[in-house]
Amino acid sequence: MPSPTDSLLIVSDLDGCLIDSLTQEWTQAIPVLDHLREQHIPVILCSSKTAAETMAIQDELGLQGEAFIAENGAVIQLNDEWDDHPNYPRMINGDSHESIRKVVNELRQTHGFKFTTYDDVDDAMIGEITGLTPKMIGLAKLQEASQTLIWRDSDERLKVFNDELNNLGLCMTEGGHFWHVLDQRGGKGSALTWLIDQYRHRTGQRPTTVA
């Protein structure tokens, strides 16, 4: 049990956690977030959303300037006050979206895998699947270090596709609506471990993390 003297960090996913995955609402979380802000306890958002989406949500939640983890750990945004950090303002873990997009498309062309990426569909289809507003759809498409896709093939073919990705240094994780392809150097766990270490260096003590 954390004590009142501990240095605390609160870490939260977004869809299905802080945000209702069906309504995209977060009003029920606001009183708790207000209390944490009054106590100067950082709230680290950690999700598959893009950095652009996450910053827009931070504005709504009153979490502007806090560090966060985006694109399943492929992107780490540093706290606004850390402008002396060598990775400020943002660190990318691994290959870029454009590089991953090319690999995914080449595998589809070579092996005939059946899937649809964010780059293949229009905003209306993304909105129908996710319930996002037009503004948030535009931000969701600003991927920096991952590729989002809808799998339309068999489970057996999915395993083959995943093996091909692994051989190329990539990996795939399943989200609420989509699959996400990113560099193996990414991942929420490794990103959070790195970020917690940055807080330890800044404060001189390892924070207690509540996720």
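Analyst: What follows treats the sheet, the helix across it and then the nonpolar cores. The model is a predicted one, and in it 6 strands form an open sheet of mixed pairing, in the order β5-β4-β3-β2-β1-β10. Because β5 (90–92) and β10 (208–210) stand at the edges, each with a single partner strand, one side of each is left without a neighbour in the sheet. From one strand to the next the twist averages 20°.

Helix α7 (residues 188–203) lies across β1, β2 (43–46), β3 (68–70), β4 (75–77), β5 and β10, and its direction makes an angle of about 160° with β3.

As for the nonpolar residues, the largest core has 33 members, of which L18, V43, L45, I57 and L61 touch the most other members. Two or more residues each come to this core from α1 (30–38), β2, α2 (51–61), β3 and α5 (134–140), with α2 giving the most, 5 residues. L61 is in contact with L18, W26, L33, R37 and L45 when its neighbours within four places in sequence are left aside. In soluble globular proteins, nonpolar side chains tend to be buried together.

Note on methods:
Residues numbered from 1 in each chain as written. Predicted model: local features only at pLDDT ≥ 70, side-chain atom pairs only at ≥ 80, totals over all residues. Heavy atoms only, no water. Pairing = 2+ DSSP bridges. Helix = DSSP H or I, 4+ residues; strand = E, 2+ residues; numbered from the N terminus. Axes fitted to C-alpha atoms, helices over the stretch in contact; angles between N-to-C directions. Contact = heavy atoms within 4.5 Å. Core = buried A, V, L, I, M, F, W, Y, C linked by side-chain atoms within 4.5 Å. Buried < 20%, exposed > 50% of the residue type's maximum accessible area, 1.4 Å probe, protein only.
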